[in-house]
Amino acid sequence: MSGHAYEAGRLNLPFVGICTFGKSPYVQDWSRIDADVAILGAPFDAGTQYRAGARFGPRSVREASTLFSFGHAGAYDHEDDRIYLGPDVRMVDIGDADIIHTDTIQSHANIRTGVEAILDAGALPIVIGGDHSINIPCIDAYEGRDSFHIFHIDAHLDFVDERHGVRFGHGNPLRRAAEKPYVTGLTQVGIRNVSSTARDGYEEARALGSDIISVRQVRALGAEAVIARIPEGARVYVTLDIDGFCPSIAPGTGTPSHGGFLYYEVLEMLQHLANRHDIVGMDLVEVAPDYDATGSTSILAAQTLLNFLGFIFDARTEKAKARACHTKVAVTADKLA
């Protein structure tokens, strides 16, 4: 049991204490972020076209995340025989971006400021929405930085250009992202059934470099083959709409769509993604807890985020070991020569 936090001091059960993501330390001063990964809440849902309530997503996902924070020295996965998110991974929660009611532009600007602060600190941004429009300021925050590919999990394409003057709602984010010169392409998975994007939107998406794959197509290909379609060496940003999952396991969302992914289908794609690519950021959106009395949607969101973070930092460690081994071999070869 050596190294477990509950050997001494407080037991700190999930229902005890202040609710930060994974019970990580809270950093109020965004100029003093010193961590490997930082969590930002973006409780904005004025971009939604149907049921509101995703403004309560960050709070509910944080509360659900305490279920997975018993104070162990990491989380052991017997299937992978790995310890994930050990004490070497420094995670902090920087609270929420300030939301100005009825003001999309200023609210989005505040979200962008938070993501920029995380990036400037050299940490990995993880943003919890909020509706999917919050992806727009998240992607805006990478302006002037290295390019990346977007991996998008969703029931909907979210590729509307403009509708009745609206360009920054939750049906627009992937269109806005595709317009960025530093976004090199999009892989959009889980897209299905009747869509909020018209046929011309799909045609425009493909013309702008989008690879669109339905749930049934993902199942036919398999998780590894789906991730293999992303260009080798691409840095990847992930945006995950909770309605990408089937509402049988994720009913707490504003625009549910049956026929979605089950948990392990998404988890396996994310694990292959982390192993093959450098992950530069993520947002998880559209959790609306009031539509799920069981709380299981929020738990699903928290569990998905924590598992993906485990995969990301484990892969980084393994890649660093491989680089160190390669360097050692190269130095030894030089000496022998």
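Eight strands form an open sheet with parallel pairing, in the order 4-1-5-10-9-6-7-8. Helices (H or I, at least four residues) and strands (E, at least two) are DSSP runs numbered from the N terminus, and two strands pair if DSSP finds at least two bridges between them. The model is predicted: local features need pLDDT of at least 70, side-chain atom pairs count only at pLDDT 80 or more, and totals for chains, interfaces and linings use all residues. Residues are numbered from 1 along each chain as its sequence is written, and side-chain values use heavy atoms, leaving out hydrogens and water.

Strand 4 (91-96) and strand 8 (210-213) are the edge strands, each pairing on one side only. Neighbouring strands are turned by 15° against each other on average, direction ignored; axes are lines fitted to C-alpha atoms, for helices over the stretch in contact, and angles run from 0 to 180 degrees between N-to-C directions.

| Helix | Strands touched | Angle of directions |
|---|---|---|
| Helix 1 (residues 57-65) | strand 1 (37-42), strand 4, strand 5 (124-129) | about 115° with strand 5 |
| Helix 5 (residues 199-207) | strand 7 (183-189), strand 8 | about 130° with strand 8 |

Strand 10 (residues 279-285) pairs in the parallel sense with strand 9 (residues 236-241) over six bridges, and with strand 5 over three bridges. D283 of strand 10 is the bridge partner of V127 and also of T239. Seven of the seven residues of strand 10 are buried, that is, under 20% relative accessible area (1.4 Å probe, protein chains only).

Notes:
Contact means heavy atoms within 4.5 Å. Buried means under 20% relative accessible area, exposed over 50%, partly exposed in between (1.4 Å probe, protein chains only).
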